[in-house]
Amino acid sequence: MIWGIFKRDMCHATRNVIAVIVSMGLVVVPALYAWFNIAASWDPYGNTKALKVAVANNDKGYKSDLIPVRVNVGETIISTLHANDQLDWQFVKSDKAIDGVKSGEYYAAIVIPKGFSADMMTLFSPDIKHAQLKYYLNEKINPIAPHITDQGATTVVNTIDKTFAKTIAQVGLDLASSILHYSQSPQMAEYMRNLNGNLTTMANTLSGASQQVTSYSQLLGSANDIVDSTGKLLASATKAGKQAQNALKQGKSGATSFTSAGANVTSSVNTALDQVSGAFDQVAAKVNKAFDAIGKGSDTAASQLPALREQVSSGESLYDTYITSLNHMRESVEQLPDSDSAKQALLEAIDREITLLEAAKGDSQKLAQQLKDASTQVTQDTAAAESSRKEILNRITSAKQSISNVRDDYATNVKPKIDALASTVSTLISQTDSMITQLSGTADGLDDVTGDVGTNVTSIRSTLGAIAKKLDSSAATVKELITKLETGGNAGDGNSDGGDGDNDADSGESDELRALATANASTLSTLISAPVALHRVSVYPIANYGSAMAPFYTILSIWVGAIILCAMLKVTISDREKAHVLGLGDTLPRIAGPSGPGNASRWGLRLDHEYFGRYAIFALLALLQGTLVCLGDTYFLGVQANHALQFLAVGWLAALVFSNIVYTLTVSFGDIGKAVAVVLLVMQVAGSGGTFPIETLPKFFQMLYPFLPFPHAIDAMYAAMAGSYGNEYLLDMVYLALFLIPSLLLGLVLRKPVIRLNNWVSRNLESTKVM
């Protein structure tokens, strides 16, 4: 019966071209699903050099005052990354790097701060700072890219650690080597001899200093008479200080008088000049009036002009008054000390002002003479009078100009210097007051000094005694150092024939230091920077990431293939097919009842015959799916398979188990069974351990792990690919085959009570006219 059902199914599946194409598609589609995923993930970590990661170096470097070696870890990092093709390193400014991460141009960015080298070098200072790199990461671009770029950032950090350790070690070894070579040079031997001589001199000097301090202490014992003499001397100093105070007070009074004289002169100058200038304006007006009256009556003009002459002559006294004031000012200025920088300039300004006043006085005298002459000419000649009139007015203008010159010169040269001198005098007065006060305080305080000296003599002698002891101790320490240096020098040379055990130990340590310093500094620094090298030993090695992911995608595609088979092929047998298998024609007898599973059992076609008969074509197509996907993995993609036949056997067993489970669910529950198969697929993708170790998954999936077929099929395929530990492969194959037991139990035994439930669900779904 089973064979009959299978034979008719094969005939129907190959009846026309469309059926053949669909059958081939059912075999090929799962393989394509696996191959595309495996090929896409063949070597993702080998192509990380296409991931752009920005690097910005702001490091300013560091240079020690003790060792003149410039360290710039940032530059070292950039140089190292230029030779690194692990990622697509982009060397840009910090602003562009950060903005590029935000915009998605770069997957990540590493910014080296300004004080990076300086912070690293704080390792040798009490205030240690942890050097930090700023790492910017755009996590929304891709879920895997952050982990890859994190690995790149870790590489940078490891490079920094090794480079820093290597640099410090190399500098130290080079310095030690230089010191050792220099210590063996003739110059160093000469320096050591000079050092011993200097130390000997120092020890003798310290001993002599101790003796001198002791002598000073004894000398202070006889200092009472000196203290008494000092008291008398201080009394004399107090008296002299009071005399100096009186002298300073007198100087203060003179300075105040000079300041007042300067102010008086300034006031007199302004008044005199204003009077003279106003007088000339009046004379000019009266002269014009007098000459205008000539035509009317020359006697009147002749009487007015002498009066004007008297008025002009009387103004000469003002010049004399101003000149006298300036001479008094000059005498006051001459009394200033010659060291005063303002003295000579002020004297010259006063002399120039006196000269201008003399010239102005001369103009006034000439004006008076012309007025006298004009009074005579008015009565004699009218034409001559007009000429005199012009000369007189010109002379008045000249006299007024002289006055203006005097005023301008006074305002420009004399008055500023007088004001400056007055300011200086005020400052001197203030300083004099302060000096007098300080002198009084000093004179009062001098009386207390002699008493304090007498009290402190005993304390000073005690201190000097302690200093003498310290000097003796220091001299002994220097002598001990000289002895050790001489001993070390004898142990260091190779010419001594004997010595005690300490010298032998020192010689051995010197030999070890010499051997270390003469070795290759670069090699030793590299060893110190990375003292432990990781030698990776692969157990059951996998060729590449694509091979590592092949079991997961292969097993997943076989399950997907089983779902596709149940979606495309019918799982139930129609009554017409049952009748043909039984040889009853095109239809079953009416006595068979409604169409459904098991309705032909009275004629010998039992429920198990229907189950296995229709499953046979499912099993055949599933085996073809497993065969194609496994052979394609091995020979088309080149997936690693150390045991190709075992690899193929896993595909076959997985195809039978998965197809039977999905077929049984569909036969038993119809479309609901197909949905259950999809749910099982989703659960196994998450909990199979095919992508992440099962130990890293949540607790629920760890508990579910043993009861899913995926993990056992994947483990068996890994064992076939890379090798099996003991019976690992066979046990996984047995565990996978055991899933047939509950599947067959449901399809053959538990299916009977489920049939009615499934028919009831199907009728209700059909009644919706939608499902």
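Helices (DSSP runs of H or I, at least four residues) and strands (DSSP runs of E, at least two residues) are numbered from the N terminus. The structure is a predicted model, in which local features need pLDDT of at least 70 and side-chain atom pairs count only at pLDDT 80 or more, whereas totals for chains, interfaces and linings use all residues. Residues are numbered from 1 along each chain as its sequence is written, and side-chain values use heavy atoms, with hydrogens and water left out.

The protein contains 25 helices and six strands. Of its 771 residues, 35% count as buried; buried denotes under 20% relative accessible area, exposed over 50%, and partly exposed the range in between (1.4 Å probe, protein chains only). The accessible surface, computed by the Shrake-Rupley method with a 1.4 Å probe and, for residues, with only the protein chains shown as cover, comes to about 43500 Å², of which 58% belongs to carbon and sulfur atoms. Among contacts (heavy atoms within 4.5 Å) between residues at least 6 apart in sequence, 78% join residues at least 24 apart.

Five salt bridges, each defined by a side-chain nitrogen of Lys or Arg within 4 Å of a carboxyl oxygen of Asp or Glu, were found in a search of the whole structure. One of them joins Glu577 and Arg8, with an N to O distance of 2.7 Å. This pair links distant parts of the chain, since Glu577 belongs to helix 17 (residues 575-582) and Arg8 to helix 1, 569 residues apart. Glu577 is buried at 13% relative accessibility, while Arg8 is partly exposed at 23%. Helix 1 also supplies Asp9, which pairs with Arg614 of helix 18, so that parts 605 residues apart in sequence are tied together. The closest N and O atoms of the Arg614 and Asp9 salt bridge are 2.8 Å apart, and both residues are buried. A further salt bridge, between Lys674 and Asp671, has its closest N and O atoms 3.5 Å apart; these two residues lie three positions apart in helix 20 (residues 671-687), about one turn of the helix. Lys674 is partly exposed at 28% relative accessibility, and Asp671 is exposed at 54%.

The whole structure holds ten aromatic pairs. Rings of Phe, Tyr and Trp (its six-membered ring) pair if their centres lie within 6.5 Å; planes under 30 degrees apart count as stacked, over 60 as edge-to-face and the rest as tilted. The rings of Trp3 and Phe6 are tilted, with centres 5.7 Å apart and planes at 45°. Both residues lie in helix 1 (residues 2-13), three residues apart; Trp3 is exposed, with a relative accessible area of 59%, but Phe6 is buried at 17%. Phe618 and Tyr663 form another tilted pair, at 4.9 Å centre to centre and 50° between the planes. Because Phe618 lies in helix 18 (residues 607-636) and Tyr663 in helix 19 (residues 644-669), the pair ties together parts 45 residues apart in sequence.

A nonpolar surface patch of about 500 Å² is made by Val17, Ile18, Ile21, Val22 and Met568. Patch residues have over 30% relative accessible area and no salt bridge; like charges are joined within 9 Å, and nonpolar side chains (Val, Leu, Ile, Met, Phe, Trp, Tyr) within 5 Å. Helix 2 (residues 17-40) gives the most to this patch, with four residues. Val22 is located in helix 2 and is partly exposed, at 35% relative accessibility.
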